[in-house]
Amino acid sequence: MSAVATTCPYCGVGCGVLASVDAAGAVSVTGDPQHLSNAGRLCVKGAALGETVDLHGRLLHPLLRAPGAAPRRAGWDEALDHVASGFRRIINEHGPDAVAFYVSGQLLTEDYYVVNKLAKGYIGTANIDTNSRLCMSSAVAGHVRAFGEDLVPGCYDDLEQAGLVVLVGSNTAWCHPVVFQRIAQAREQRPSLQLVVIDPRRTPTSESADLHLPIKPGTDVWLFNGLLAFLARHGATDAAFVATHTNGLADALAAAEADAGDPAEVAHICGVQPPDLLEFYQWFARQEQTVSLFSQGVNQSSSGTDKVNSIINCHLLTGRIGKPGMGPFSITGQPNAMGGREVGGLANTLAAHMELANPAHRDIVQSFWQSPRIAERPGLKAVALFEAIELGTVKAVWIMATNPVVSLPDADRAKRALARCELVVCSDIVARTDTNACAHVLLPALGWGEKDGTVTNSERRISRQRAFLPAPGEARPDWRIVCEVARRMGYAQGFDFAAAHEIFDEHVRLTAFRNRAAAPGGPATAPRVLDLGGLAGLGRAGYDALAPVQWPIAATSKGTARLFADGRYAHADGRARFIATAARAPVHAPDREYPLILNTGRVRDQWHTMTRTGKSPRLTGHTPEPFIDMHPRDALRCGVRAGELARVHSRWGALVARVQHGGGVLAGNVFVPIHWNDQFASDARVGSVVNPVVDPISGEPEFKHTPVRVEPFAVRWYGFALSRPPLAAADLTYWTSIQGEQFLRYEVAGHPRLDDRSAWARAWLGATDAGADWLEYEDRSAGVYRAAHVVENRIESCVFVSSRPELPARTWLSGLFEQERLEEADRVSLLVGEPSGPGADTGPMVCSCFGVGRHTICDAIRTQGFDHPAQITASLRAGGNCGSCVPELRQLIAEVRAAAAT
Ligand code: SF4
């Protein structure tokens with residue numbers, strides 16, 4: 001088939017993808033050169049999409065589970081009737097606010113639209129919230145306060161046109177790699193483009209910066225209030241802009257001066273060197289073309305909304321907004337966080353950027369929908385929603401395309417809440433997740449490549465996700481499932497959509513309905529910037545052919561790259577607002593019992609809870625295991641060592657992972673990635689440790705600041721196994737499973753004594769028949785045991801155990817699983833764990849695109865004297881595709897050269 005133009009389903013960059021399916025059914029993807037957000041680039045996650053679309057582990061049929069029973073297969077009619085009658089009964093008995101929906105930035109806009117319509121317009125509850133609450137709701141609240149509407153002013157081109165890019169709370173190189181590549185390429189072409197990174201951690205992003213400010217977690221408002229005061233004092237105010245287009249400067253400036261008028265004190269509070277702080281302030285003051293890009297490091301905080309506004313204030317003061325190469329820029333974590341916001345998928349908003357609290361807006365939406373009712377007050381935001389489920393005030397919840405038992409803060413509470421809930425419905429593409437284990441009804445949804453609709457990325461660009469694979473099993477699009485339930489609840493009139501383009505058309509028309517000009521006799525409201533009227537009436541053919549386009553798209557326009565060029569904002573008076581932002585410490589401070597601060601975030605090659613990226617050997621090689629990254633000094637104090645296991649405790653829960661000293665974490669802090677869960681590890685859900693405090697305005701949780709303690713996790717032995725068939729690991733004290741190429745890798749550890757290691761290994765690896773080709777080695781006094789199971793001269797499995805965590809490298813052994821037959825030399829080396837010849841162990845994966853390992857790269861740097869990543873790329877190809885590993889190449893060059901100098 002010819003390539004289908006679609007959109008990557010991962011991060012908010014929203015890259016265009018060309019997907020093809022060959023005669024054998026294999027899917028390959030390339031970047032779409034016509035898509036202006038990425039112009040053909042992809043990061044390694046996008047490039048590996050073809051490896052994640054197999055049906056292994058998919059939910060293919062509806063399942064029903066009675067309390068205490070195993071799930072049983074059900075037909076669609078039975079499952080849908082069960083959901084509809086369950087919701088109807090609970091609404092009748094307890095009112096509409098006794099039911100709720102918890103949806104996802106992974107949904108398409110059309111899915112989001114119908115579920116929001118069902119909840120707010122027909123059931124009459126605003127209890128519909130989304131996992132986007134967890135990543136960017138502070139940005140939404142900040143935008144609404146400053147601009148009058150949830151509006152991202154700029155576009156990605158601005159990052160290339162800027163003279164100064166400030167990345168705040170964003171490991172862009174790993175979390176939004178294609179945007180980072182665009183910045184990196186612009187800097188290569190124009191070295192005067194300066195890059196400042198503000199982040200408590202040293203990351204691959206900060207390694208590339210001209211200036212890194214490793215601020216103490218939670219001190220961003222001090223930093224930006226200090227900047228506001230500095231700019232005002234040093235003549236950087238655009239007085240004409242402020243006078244004509246803004247309100248509220250005096251109060252904001254007074255608050256900034258009160259908190260942060262003295263740069264020396266600000267530097268002290270933020271924990272940065274005073275000259276570095278001043279240098280940043282001076283660069284910002286001098287450079288008119290400045291973009292401040294911010295992400296979860298800003299948003300995920302108990303003062304996230306104030307942090308956002310403290311950044312926006314600096315752009316309003318200097319008039320640096322609405323023009324090329326400048327502006328505050330919120331980059332979203334998920335592919336359709338913005339599309340969800342457009343249709344009102346948050347508990348405090350209505351569709352089309354209208355507000356629940358505004359009676360005129362409620363009237364507009366209800367009139368347009370002709371719905372029997374309209375929710376009149378904001379619903380429960382994510383954390384409060386799960387508290388209400390635990391309390392029993394919400395008795396039915398429908399969870400779509402998200403995994404709250406992993407991703408919410410205080411995640412064990414979410415698990416307890418679902419265990420107590422009368423009716424838990426989950427729509428998902430995979431059968432087994434930590435959340436689906438709590439479901440009474442499981443509904444199979446279509447996944448990426450199968451479903452059809454639109455998404456909106458961080459620069460307001462609406463793009464099509466197009467289907468190029470058949471619907472598997474009995475899976476259906478989410479919007480269709482919602483419409484089926486709505487019809488069964490008696491709401492046939494509002495949900496008689498036959499295809500996704502009809503839903504899109506209704507959404508588009510609603511954005512233009514009574515917008516700008518009130519209907520005769522209708523209530524007057526300020527115009528809304530979100531206007532997609534130019535896309536009305538596309539029909540199926542126009543929808544199928546829709547090219548990526550940035551909103552607003554009013555009737556006569558072809559899209560809008562940049563907002564506010566005319567100096568008009570969405571507040572009723574057309575002016576932007578300065579917000580007086582208060583510098584506040586995070587709610588929970590470290591103390592004697594919990595002396596360290598837990599920060600959480602993503603790793604380069606994984607996405608969310610790994611249901612898709614965990615399938616790709618290319619993606620699992622870079623960071624195979626959950627880890628606790630901490631400063632060596634803290635590790636010493638806590639009595640833990642790199643390579644060993646440790647437990648992280650907070651007041652809310654605990655996890656176990658392997659300690660590492662990545663070098664990027666400040667003393668007093670630890671970092672744990674968000675991805676691992678009970679499907680991939682024994683006890684590594686960081687959500688269970690994170691505190692449930694939220695920002696009082698946005699409701700976004702404080703994921704970046706939880707007091708914790710770290711202590712040794714005692715085991716008697718460490719080990720790993722590689723095996724073609726899956727192994728049962730649940731009984732082991734510690735385990736992580738990792739998908740390899742034609743095998744599964746298990747990193748394990750145990751507390752119980754292994755008295756008869758041979759019997760244990762044979763039983764675990766399933767090599768119990770007497771005729772098994774079984775190679776083994778044991779050194780009992782050293783606590784070392786190694787064994788391999790070989791079938792017809794092909795390796796079937798192997799296991800390595802030691803009383804110490806130091807074990808042979810896995811890379812060479814992994815490569816043996818790709819061989820049809822073991823060479824004689826490999827059999828000899830098998831239990832040594834490394835090849836007899838030189839150079840065959842390439843080391844841990846650095847470049848996932850070309851499979852280039854750390855040892856290979858370091859050898860090349862050493863022997864060939866490389867001092868620039870481009871030389872490594874020219875020699876080994878590493879870094880030559882998606883570029884995600886280029887910051888690590890730079891780091892390896894520095895490490896090798898530093899080692900050579902000592
Ligand atoms: S940067 Fe990577 S993950 Fe994000 S949309 Fe592009 S290809 Fe997908």
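**Reading a predicted chain**

Mentor: Let's start with the surface of this predicted model. The chain has an accessible surface of about 31000 Å², and carbon and sulfur atoms account for 52% of that.

Trainee: How many of the residues count as buried?

Mentor: Of the 902 residues, 63% do.

Trainee: Okay, pick one. Why is Asn 599 called buried?

Mentor: Buried means under 20% relative accessible area. Asn 599 has 10%, so it falls on the buried side.

Trainee: Where does Asn 599 lie, and which residues does Asn 599 touch?

Mentor: Asn 599 sits in strand β21, which covers residues 596-601. Leaving aside residues up to four places away in sequence, Asn 599 touches Arg 201, Val 670, Phe 671, Val 672, Phe 703 and Lys 704.

Trainee: What about contacts across the whole chain: how many join residues at least 24 apart?

Mentor: Take the contacts between residues at least 6 apart in sequence: 72% of them join residues at least 24 apart.

Trainee: And where do the charges stand, on average?

Mentor: There are 87 positive and 94 negative charges, and their mean positions are 3 Å apart.

How values were computed:
Residues are numbered from 1 along each chain as its sequence is written. This is a predicted model: local features need pLDDT of at least 70, side-chain atom pairs count only at pLDDT 80 or more; totals for chains, interfaces and linings use all residues. Side-chain values use heavy atoms; hydrogens and water are left out. Buried means under 20% relative accessible area, exposed over 50%, partly exposed in between (1.4 Å probe, protein chains only). Contact means heavy atoms within 4.5 Å. Accessible areas come from the Shrake-Rupley method with a 1.4 Å probe; for residues, only the protein chains shown count as cover. Lys and Arg count as positive and Asp and Glu as negative; His and the chain ends are not counted. The place of a charge is taken as NZ of Lys, CZ of Arg, CG of Asp or CD of Glu. Helices (H or I, at least four residues) and strands (E, at least two) are DSSP runs, numbered from the N terminus.
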